[in-house]
Each structure stands twice: as structure tokens, then as C-alpha cells.
Amino acid sequence: MNLAVSHPFVLLLLPLAVLPLLATAQDTEDYPSLHAAKSDPLSVAIDLALRLMGAIAIAALVLGLAGLHRLGQSIERLGEGANIVLLFDRSASMNDTFAGQAPTQSGEESKSAAARRFLKQFVTSREHDRFGIAAFSTSPMYVMPLSDHKEATLGAIDAIEQPGLALTNVGKGLAMALSMHDADILSTQGTDGGIASRAIVLVSDGAAVINRKVQQKLEAAFLKRPVNLYWIFLRTENSRGIFDKPGPDDTDTPFAMPERHLHLFFENLKIPYTAFEVENPAAVGEAVAAIDKLERRPMRYEERIPQKDLSGVAYAVAGLSLLLLVIAKLAEVKVSRLASRGVWGSVLPCF
Amino acid sequence: MIRPAFHELRFWLLATALLLVVAGLVLPRVKLTRDAYDTMAFVDITSSMNTRDVSLDGQPASRLDLTKDRLKRFVAGLPCQSKFGLGLFTARRVFVLFEPVEVCENFSSIDAAISGLDWRMAWEGDSFITGGVHNAIPVAEGLDSDLLFFTDGHEAPPLPWTGMPDFEGEPGKVPGLLVGVGGNALVPLKKYDDAGREIGDLGADDVLQENRSGQPPPDASSRPGWHPKWAPFGDMRINNNEHMTSLKEDHLKALASQTGLVYVRLNGAGALLRAFEAVARPRSVVVATDIRPYPAALALLLLVILYGFLPLRERVAGRSAPSRTELKGAHP
């Protein structure tokens with residue numbers, strides 16, 4: 001049990017608990033000589049118990065006031081899930097519909113809106129997964145590290161519907177996503193045990209040529225650790241797809257057909273890779289459901305036990321001690337004549 | 001029969017203390033309303049923000065580093081249930097990294113996201129700050145948030161002679177702060193190579209010293225080498241010190257008054273939070289408040305009187321009176 005207090009300075013009052021050991025709440029009476037009474041172990045014990053009760057009451061009140069609580073803990077459990085970095089293309093074309101037009105009020109939703117809707121469902125339904133978010137357009141952007149903060153992840157997914165930027169620099173984006181996994185592997189060392197599956201879900205509506213240098217760096221980076229790669233390609237009408245074979249008149253080069261060549265590059269990476277080419281909002285949902293099925297490997301996850309307030313318990317203990325003291329007080333009887341002085345009679349001499 | 005205890009102050013002290021503690025345990029939790037804030041912060045990540053002309057913890061630091069540090073503390077200072085979102089500014093518009101999320105539950109994620117801000121995220125080299133602020137206001141409005149905009153006010157390319165573009169929105173509709181970051185003295189801008197490594201300072205010829213888009217200024221015809229068609233701005237080399245940078249407070253104050261924001265200079269995080277709370281629209285949130293400490297504190301006070309104050313009085317009184325002997329034991 002990890003106990004803690006919210007206001008440590010209140011504990012400075014704790015020495016007050018000594019007071020009842022020095023003085024008693026029981027009525028004291030003048031008596032000619034104590035030698036007249038025999039030493040009585042029971043009386044001594046009761047006296048001590050009552051003084052202790054007082055001490056406990058004061059100590060419990062101080063602890064309650066200081067905000068005694070049990071610290072939040074996390075327990076390691078085994079479940080199904082994965083560490084997933086969502087990598088978003090934030091190019092301006094993502095804000096268009098699958099037909100390549102600006103979304104209208106009543107009409108079709110934009111690609112980013114469809115992606116946002118299904119990915120939010122995905123994140124919400126995956127109980128134990130940890131998510132990180134990265135984005136790219138002209139340059140890679142670090143949005144959020146891998147964490148189990150669902151709300152933060154959802155906030156970052158919401159942002160993909162905000163207007164995007166100009167270009168699609170897939171290579172640097174992937175490098176960013178990989179480096180986020182690296183950072184996470186380092187920071188969760190020991191807890192993760194390397195059994196959890198790690199995945200990158202790339203959501204884009206276009207592809208670009210990754211230059212030779214960056215390609216080599218990516219190949220090396222993917223070789224270093226097992227990362228499953230999923231590419232949800234949001235294909236705009238009349239644009240090239242990732243599975244298109246070059247026609248007799250087409251030149252089969254990365255510059256002419258960047259989507260196809262990026263797909264080939266991913267396939268040659270020798271990592272588990274699945275591509276989804278989707279052409280309408282419903283298909284985004286199917287792709288996300290497929291990933292949901294594939295990413296089910298055992299993983300250790302932390303279940304958080306929230307901090308528990310124990311000040312109530314402290315107050316209850318204080319109340320119980322006080323109750324016993326009050327009962328003891330009620331059991332008092334007067335042995336001297338002073339009792340006949342009337343109300344406050346026995347107290348007045350003190351003032 | 002009246003119990004003797006009823007005649008005694010001590011009994012009543014004990015009984016009242018017991019009653020207070022029990023009352024505290026039985027009373028329901030009181031719901032109080034508290035202010036929370038919804039914030040959308042945009043950080044200028046153009047290269048002028050890399051200028052190391054401010055200090056952080058006594059060490060020279062870049063404007064961006066200072067901004068990140070203060071912004072983290074700002075978020076830490078926001079009351080729970082406030083929301084915070086983060087975005088970037090470069091070129092002529094802002095870019096939202098994540099929409100406002102609750103600050104207490106997601107603090108570590110927000111903190112890491114702020115740490116992750118980097119000038120390399122910039123997508124273009126230009127820095128049309130006026131345009132960026134004009135763009136940030138409707139974005140914040142769409143997210144029902146108040147605005148924080150951190151910048152050094154260094155426009156690149158410089159504003160045309162006609163001054164700032166007009167603000168098309170309604171000034172003051174979105175309250176917020178325009179936060180100025182940087183030093184007063186002009187210092188050179190840093191130069192970077194293709195891989196983003198710093199390689200010295202920019203020279204006067206490395207940047208546009210004058211905005212030459214649009215109409216030439218009316219006095220252009222008096223400039224040396226002026227030609228209405230071939231050199232409408234004159235052909236002299238000019239040096240407006242645009243390769244040097246400092247916090248452009250006058251420009252930011254003008255921009256703030258144009259858009260209805262409030263300009264503040266970045267100092268401590270606490271000052272920033274207070275300035276923000278002064279202008280922001282608070283949202284009332286209901287929080288369950290623990291009122292048990294009040295009766296408990298009162299009970300504690302009574303016990304201290306009972307066990308500390310009364311015996312002390314008694315002892316002081318007893319010194320003058322004939323010696324009193326305590327009869328041990330509660331009851332014979």
C-alpha cells in the first residue's frame with residue numbers, strides 16, 4: 001500500500017496527539033489521599049486505553065485533514081492489443097471528397113472526415129492499445145507520443161479534418177513514426193517485454209517519390225525492429241491506384257507512378273505489410289476492421305487503479321474513538337460532594 | 001437521574017467533537033462551480049524563433065525553447081477540466097496538431113507534444129505573422145477556444161510599405177493573448193544548410209530587405225536608379241536590417257489592437273496564466289468539493305482545547321490552589 005497525503009504541512013499538527021497522553025479528558029477529583037485506594041491494574045488499563053483513544057482521535061483527524069490517500073497504482077495485465085502509430089497525410093487534398101471535390105454541406109464527406117470517423121471508432125474500440133500520432137506534409141510533424149491516453153489520441157485524430165498543407169512527404173513521415181516507436185521501446189523497456197506487436201498505420205491519399213537515400217535509411221530502420229505496416233490509401237476518383245499495372249504506353253518509373261512504386265517499396269521491405277485501397281467512406285471502415293482483426297497479439301498492458309481517498313476512513317476512526325470517549329464520559333460517577341454543586345459545578349473551580 | 005458528565009464542559013467538548021466528525025461523514029459532497037478555460041495555442045516555429053536572445057534558467061536559450069518551457073508550465077497551471085489544443089504557425093497560416101483535450105488527464109501527452117515542437121516541422125520559410133494571426137483566429141473560433149499565439153513578430157518578407165493587411169474578422173470576437181518572445185537588441189538570424197544544421201549567420205544579402213510585391217511606395221521615384229517600368233523600387237541596395245532580429249513589440253501591439261487580442265511579453269508562466277485568465281472566457285464546471293475538513297478541523301480544535309488548553313488552565317490555577325491529586329482510573 002502506497003500511502004500519501006495531499007497536504008504534508010498539516011502533518012506538523014501530528015504531535016498534538018501526545019496531548020491526551022499527558023492530560024485526561026476524564027474528570028479529576030480532589031481526594032484526600034491516593035493511599036486510600038488500592039493500586040488497580042484494571043483502572044490503570046482503562047485510563048491508558050482512554051488516553052490512547054484521545055491520541056488516536058487527534059491523530060486520525062490530523063491525517064484526515066492532511067488528505068490521506070492511497071496512491072494510484074498500475075497493475076500489469078495480459079491482454080490483446082498493439083502499440084500503434086497513426087501516421088496521417090495532412091496534405092490539402094485530404095480535405096476533398098473521394099470524387100476530388102470540396103465537400104458540400106449535404107453531400108459526401110471528405111476523405112479526412114471519413115478517416116477521422118472510422119479511426120476514432122477504431123481507437124475507442126481498442127481497449128488496451130497504446131496510440132501515438134504523427135503527421136506529415138512537406139515535413140514530418142511529431143504530434144503525440146505513444147500513450148494510453150485515449151482522449152488525447154482522439155483530439156489529435158479530430159485535428160486531421162482541419163485544413164492541410166501542400167505536399168506529401170511520405171518518407172520523412174515514416175521515419176518520424178519509426179523514431180516514435182524507437183523512443184517508446186526505450187521508455188517502456190522492461191515493462192513491454194518485446195511481445196507486444198508494433199504497427200504503423202499510414203493514412204494517405206497520395207504518394208510521393210522517396211529519394212534513394214531516404215529509402216535506404218528506411219530499409220535499415222525497418223530491419224532493426226519488427227513493425228507491421230498498414231497503408232490505407234484513400235484513392236481519389238480518376239487517380240492512380242497502388243495496385244495499377246502500367247499500361248503499354250505508361251512509363252513504369254517512380255516519378256510517373258509514385259503510388260505503385262511506393263507500394264512496391266513497402267512490399268520489398270520484408271516486413272508484414274498490408275495495403276488497403278479504398279474508394280469510398282464505407283471501405284475505410286472495412287480497412288480499419290481488417291486491421292483490427294490483424295492486430296491482435298498478446299501484450300502486457302497497465303491497468304490503472306485510481307488513487308483512493310482514505311480521509312473518510314481516518315474520520316471514521318476518529319469518530320469511533322470519540323464515541324468510546326463519550327461513552328466513558330457518560331459512565332463517570334462522582335465520588336465527592338462537589339457533584340452536588342450543580343451544572344458546571346465540577347468545572348468552575350478550574351476557571 | 002442526571003449523569004454527572006452532563007455538568008461538565010469536557011463532556012460537551014467531546015460530544016460536540018463527535019457530532020462534528022459524524023456530521024462530516026454523513027454530509028453529502030457539496031458541488032461547487034469553478035472556472036475552466038478552453039485554449040488553443042499556436043507557436044511560431046519559423047527560423048527567427050531559433051534566435052538565442054532570451055534566457056531560460058539563467059542560460060541563454062532560443063525563443064522557441066523559452067516558449068516551450070513557459071507553455072508547459074502554463075498548461076500545468078490550468079485548472080482541471082480546462083482544455084488545451086496545440087498548433088503551429090509558419091508561412092501564412094496555422095496548422096492544428098491536436099484539438100483541445102482535457103489538461104489533467106492528458107497532461108503527459110500534451111507535455112510531450114509541446115516538447116516535440118521543432119522548427120524543422122515548418123513547411124515553408126516565410127513568416128507572414130499578420131496573416132498567421134488572422135488565420136488562427138477563425139480556427140480557434142471553430143474550436144470554441146480562446147487563443148494563445150506565441151511569436152517574435154519578425155515578418156519575413158517584411159511588410160509592404162502599406163502596412164498590415166486588413167483583418168476580415170470581427171475584432172475581439174475571439175479573446176486571447178498575442179505573446180511576444182525575444183530580446184530587445186537586434187541579433188543576426190541563423191543560417192542553416194539543407195540538412196538543417198546551423199552554419200553561421202545570415203548576411204544582409206541573404207534575405208529580402210524590402211517587400212517588393214505590390215505597388216512601389218510613393219517616394220520611390222526619388223530613389224537612385226528609379227525607372228517606372230524596369231526599376232519601380234529603385235535599383236539601390238538597401239539594408240533595412242531584415243537579416244537581424246529582435247522582438248517587434250510595436251508591430252505586435254498594432255496587430256493585437258487590430259484583431260482585438262491582448263499583447264503581452266513572455267516572462268514567467270504565472271504571469272502568462274494570469275494575463276490569460278484576465279482576457280479568456282471562463283467556462284463554469286461543476287466540481288465535487290470535499291467539505292469534510294471544515295467540521296473535522298473544528299473537532300480537532302475542540303480536542304486540543306480539551307486535552308491541551310483545559311489542563312494547562314487547570315495547572316496554572318492549581319499552582320496557587322492547594323495541591324490537587326489526580327485520581328487515577330475512570331471510575332472506582
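Colleague: Where in chain B is the place of Ala91(B)?

Modeller: Ala91(B) sits in the loop between β5 and β6 of chain B. The terms helix (DSSP state H or I, at least four residues) and strand (E, at least two) denote DSSP runs, numbered from the N terminus. This is a predicted model, in which local features need pLDDT of at least 70, side-chain atom pairs count only at pLDDT 80 or more, and totals for chains, interfaces and linings use all residues. Residues are numbered from 1 along each chain as its sequence is written, chains are lettered from A and ligands numbered from 1 in the order in which they are written, and side-chain values use heavy atoms, with hydrogens and water left out.

Colleague: Why does Ala91(B) count as buried?

Modeller: A residue is buried under 20% relative accessible area, exposed over 50%, and partly exposed in between, with a 1.4 Å probe and protein chains only. Ala91(B) has 1% relative accessibility and therefore counts as buried. Its phi is near 55 degrees, a positive value in a residue other than glycine.

Colleague: Which other residue has a positive phi, near 75 degrees?

Modeller: Gln81(B) has that value, and Gln81(B) is not a glycine. The residue is found in the loop between α2 (63–77) and β5 (83–90) of chain B. With a relative accessible area of 32%, Gln81(B) falls between the two limits and is therefore partly exposed.

Colleague: Is Thr51(B) buried or exposed, and how do you know?

Modeller: The relative accessible area of Thr51(B) is 3%, so the residue is buried. Thr51(B) belongs to the loop between β2 (38–44) and β3 (54–56) of chain B.

Colleague: What does Thr51(B) touch, not counting residues up to four places away in sequence?

Modeller: A contact requires heavy atoms within 4.5 Å. On that basis Thr51(B) touches Ala61(B), Ser62(B), Arg63(B), Val187(B), Pro188(B), Leu189(B) and Thr245(B).

Colleague: What makes Pro224(B) partly exposed?

Modeller: Its relative accessibility is 44%, and so Pro224(B) receives that label. Pro224(B) lies in the loop between β11 (198–201) and β12 (244–245) of chain B. Beyond its neighbours within four places in sequence, Pro224(B) contacts Gly234(B), Asp235(B) and Met236(B). The C-alpha atoms of Pro224(B) and Asp235(B) are 6.5 Å apart, although 11 residues separate the two in sequence.

Colleague: Into which domains is chain B divided?

Modeller: The bounds come from an automatic or database domain assignment. Domain 1 covers 8–29 + 291–310, domain 2 covers 34–205 + 245–287, and domain 3 covers 208–241. Taken over C-alpha atoms, the centres of domain 1 and domain 3 of chain B are separated by 83 Å.

Colleague: Which strands form the open sheet of 3 strands in chain A?

Modeller: The order is β1-β2-β10 (chain A), with antiparallel pairing. Its edge strands are β1 (3–5) and β10 (308–309) of chain A. Strand β2 (residues 68–70) of chain A pairs with β10(A) over 2 bridges, and Arg70(A) stands opposite Lys308(A) in β10(A).

Colleague: Which residues have the most contacts inside the largest nonpolar core?

Modeller: A nonpolar core is a set of buried Ala, Val, Leu, Ile, Met, Phe, Trp, Tyr and Cys residues joined through side-chain atoms within 4.5 Å. The largest such core has 110 residues, and Phe266(A), Phe84(B) and Leu86(B) have the most contacts inside it. A second, separate core of 33 residues includes Leu50(A), Leu325(A), Phe11(B) and Ala15(B). In soluble globular proteins, nonpolar side chains tend to be buried together.

Colleague: What percentage of the 351 residues in chain A do buried residues make up?

Modeller: Buried residues account for 50% of them. Chain A contains 9 helices and 10 strands.

Notes: Two strands pair if DSSP finds at least two bridges between them.
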